[in-house]
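Hi everyone, thanks for coming. I'd like to walk you through one structure today, so let's get it up on the screen.

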Amino acid sequence: MNEKQRLESQQVQSPKDSEEKDYSKYFQTVYRPPSLKDARRRGKEEIKYHDDFDIDERFKGMGNGRKFYIRTYGCQMNEHDTEVMAGIFMNLGYQATETVEDADVILMNTCAIRENAENKVFGELGHLKHLKMEKPDLLLGVCGCMAQQESVVNRILEKHPFVDMIFGTHNIHRLPEILNEAYMSKEMVVEVWSKEGDVIENLPKVRAGKIKAWVNIMYGCDKFCTYCIVPYTRGKERSRRPEDIIQEVRQLAAHGYKEITLLGQNVNAYGKDFEDIDYRFGDLMDDLRKVDIPRVRFTTSHPRDFDDHLIEVLANKGNLVEHIHLPVQSGSSAMLKIMGRKYTREQFLELVRKIKQAIPDVSLSTDIIVGFPNETDEQFEETLSLYREVGFETAYTFIYSAREGTPAAKMKDNVSMEVKKERLQRLNALVNDFSRKAMEAHKGQIVEVLVEGESKNNPEILSGYTRKNKLVNFKGPKSAIGSLVQVKITDAKTWTLNGEMIEAKESVEVM
Ligand code: 5AD
Ligand code: SF4
């Protein structure tokens, strides 16, 4: 099936003012809403790589005299997708704007990971309706993970018919066609492919910063943790070719970037899908160690695929920082089993032991879900005890949120919201405690800080991050912005450090 046929078979279009629930009669093409069931299938078809993305002659100059605004929700992957969409907009002749009032096109790049992320978007759509009424030529689009869900598309069709475009995470490269269609048609343009597309290498990007950059290494996730919507909204695992990644990092280094963060839903599965080469995440990190860029980070890891070779490579440090984000989700083996995490508490602790043995000064952070269906007090206590045992320095903590279409959403739950909130509070108190302790340990130390700019609250103060990702505020010359400096830590708070910049000449031991 070529791209056009594929598009036609999956395209959905609807009249904006429809009150009907059966949309099929309105479509000239076959009505196929995004389907989580289809998205779940993992086919064997080969992934094709393209570097022939180009703006069609018909669309060049489409944005001349027009401005775009993209609001991004959710994870770094979404932030990076926004950079790609901004790149496409600029190539079409649009200018960026910082305010919705000033924009001719507004995109909401959405997140579906928890219900409150979705509620925020629906709330915002309510506000934007007024803007749309004042400015009928304004184009309003919803894209990102929410757009991959049939229930969301139907809700927008029914309740927010003023939306002009809905497109999915696999359709970003089709933004020029989608915009063109929206300008030409009075109907809502909906283009959501349930199945992932190929890997497209040469999409333009406008990066949000000049010091740190995101670099995708893979797309999708095959883990199917029972609570998680991501494998459905982002499709199957597809790795970028190593040479393309290394070249992108080299180019970023040549442009003066000081830090890159490699992105993937499960970076440890990198390379599993290659059929012609035996090349995994450890190999990629080993190759990136040789690139002349000061810092390389990655997110996010799955403990199950974190192998010994990767640990060995990370232990060589250099530009590979000693901070690992390692989501554990729960400290109870029974919970982990129901969550479909494919490791036990003991296996996780063994992995941590190996990492600490190889990298004694490693800083570990994690993600934890509390209140998964039927989690008992004892099981929750196991999460607290695991947190203490590992000594995580920080964590992102969440109350479980049922996601339609996932196996966990069908589980009966006997835990009340009150209990879940209490558990979250107790966990957060522990997280704060451990963060404060980790920060206190920095007092008197000299750390390397990548200076990102003026502090948010005080333009007299500079701020930046250490290799372990701790935020440091200190006095220093503006000329230091964008460079790596040595800072002596004088004071520690729960989430930030204060310090004094020291002369670069001084011989120092860097933490
Ligand atoms: N409910 C709550 N938290 C979730 N996460 C993923 N899915 C859910 C859900 N349904 C959390 C996990 C994951 C992080 C990105 O979001 O902790 O690691
Ligand atoms: Fe979701 Fe699990 Fe994949 Fe992470 S590894 S994106 S939690 S399914």
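At roughly what angle do the axes of H9 and helix H10 cross? Before I answer, keep in mind that what you see is a predicted model.

Okay, the answer: the axes of H9 and H10, which is residues 308–315, cross at roughly 15° and come within 8 Å. H9 and H10 are therefore roughly parallel to each other, since angles under 35 degrees count that way. H9 goes past H10 in a left-handed crossing. If you want to find the contact on screen, look on the H9 side for Phe 281, Gly 282, Asp 283, Met 285, Asp 286 and Arg 289, and on the H10 side for His 309, Leu 310, Val 313 and Leu 314. By class, that contact of H9 with H10 has five nonpolar, two polar and three charged residues.

Now, H9 has another partner. Helix H8, residues 242–254, packs with H9, residues 281–289, at an angle of about 30°, and their axes are 11 Å apart. That angle makes H8 and H9 roughly parallel to each other too. The crossing of H8 and H9 is right-handed, while the one of H9 and H10 is left-handed. Here Ile 245, Ile 246 and Val 249 of H8 touch Leu 284, Asp 287 and Leu 288 of H9. Sorted by class, the contact of H8 with H9 has five nonpolar residues, no polar ones and one charged.

One more helix pair, and then we'll move on. Helix H13, residues 377–390, and helix H14, residues 417–440, have axes that come within 11 Å and cross at roughly 10°. So H13 and H14 are again roughly parallel to each other. From H13, the contact uses Asp 377, Phe 380, Glu 381, Leu 384, Tyr 387 and Arg 388, and from H14 it uses Arg 423, Arg 426, Leu 427, Leu 430, Val 431 and Phe 434. That contact of H13 with H14 splits into seven nonpolar, no polar and five charged residues.

Let's zoom out to the annotations. UniProt, in an unreviewed entry, puts "domain: MTTase N-terminal" at residues 66–184. Over that stretch the chain is 47% helix and 19% strand, with the end C-alpha atoms 16 Å apart. The unreviewed entry also has "domain: Radical SAM core" at residues 207–437. There the chain is 39% helix and 16% strand, and the end C-alpha atoms are 35 Å apart.

Which cysteines does the UniProt annotation "binding site" cover? The unreviewed entry gives Cys 75, Cys 111 and Cys 145. They span 71 residues in sequence, yet no two of their C-alpha atoms are more than 10.5 Å apart, so they gather at one spot. Of these, Cys 111 sits in the loop between strand E5, 105–110, and helix H4, 115–134.

What about ligand 2? Around ligand 2 we have Cys 221, Lys 223, Phe 224, Cys 225, Tyr 227, Cys 228, Val 230, Pro 231, Gln 265, His 302 and Arg 341. By class, that shell has seven nonpolar, two polar and two charged residues.

I'll finish with two backbone details. The peptide bond from Thr 299 to Thr 300 is cis, with omega near 5°. You'll find Thr 300 in the loop between strand E14, 295–299, and H10, and H10 is the helix from my opening question. The other detail is Gln 329: its phi is positive, about 75°, although Gln 329 is not a glycine. Look for Gln 329 in the loop between strand E15, 323–325, and helix H11, 333–339.

How values were computed. Residues numbered from 1 in each chain as written. Chains lettered and ligands numbered in written order. Predicted model: local features only at pLDDT ≥ 70, side-chain atom pairs only at ≥ 80, totals over all residues. Heavy atoms only, no water. Near = heavy atom within 4 Å. Nonpolar A, V, L, I, M, F, W, Y, C, P; charged D, E, K, R; others polar. Axes fitted to C-alpha atoms, helices over the stretch in contact; angles between N-to-C directions. Helix = DSSP H or I, 4+ residues; strand = E, 2+ residues; numbered from the N terminus. Parallel < 35°, antiparallel > 145°, perpendicular 65-115°, else oblique. Left-handed = near helix turned anticlockwise from the far one by under 90°. Contact = heavy atoms within 4.5 Å. UniProt positions renumbered as here; feature names shortened; annotations may be inferred.
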